[in-house]
Amino acid sequence: MGKRLRSIGETRTKSMIVVQATVYNLRRWVTLDARIEGRGASSA
């Protein structure tokens, strides 16, 4: 991710990190899932 976070409070900063990590992982999951489905469709 590599971006700096600016917020007031440790709890808010930690929450922002968790949200960013979750969004990153969901995007990655969608991308990987599409690749797997694409492979299965071409071999059928």
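Select tryptophan 29 to begin: this residue is found in helix H1 (helices are DSSP runs of H or I with at least four residues, strands are runs of E with at least two, and both are numbered from the N terminus). Tryptophan 29 is exposed, with a relative accessible area of 57% (exposed means over 50%, buried under 20%, partly exposed in between, with a 1.4 Å probe and protein chains only).

This is a predicted model, where local features need pLDDT of at least 70, side-chain atom pairs count only at pLDDT 80 or more, and totals for chains, interfaces and linings use all residues. Residues are numbered from 1 along each chain as its sequence is written, and side-chain values use heavy atoms, with hydrogens and water left out.

With Trp29 they make a nonpolar surface patch of about 350 Å².

Now select glutamate 10 and lysine 14. What does glutamate 10 form with lysine 14? The two form a salt bridge, with the closest N and O atoms 3.0 Å apart (a side-chain nitrogen of Lys or Arg within 4 Å of a carboxyl oxygen of Asp or Glu). They are separated by about one helical turn because they lie four residues apart in helix H1, residues 10-43. Glutamate 10 is exposed at 56% relative accessible area, while lysine 14 is partly exposed at 49%. The structure holds one salt bridge.

Finally, show the whole chain. Its secondary structure comes to one helix and zero strands. Of its 44 residues, 0% count as buried.

Conventions: Patch = residues over 30% accessible without salt bridge, like charges linked within 9 Å, V, L, I, M, F, W, Y side chains within 5 Å. Areas by Shrake-Rupley, 256 points an atom, 1.4 Å probe, with all protein chains shown as cover.
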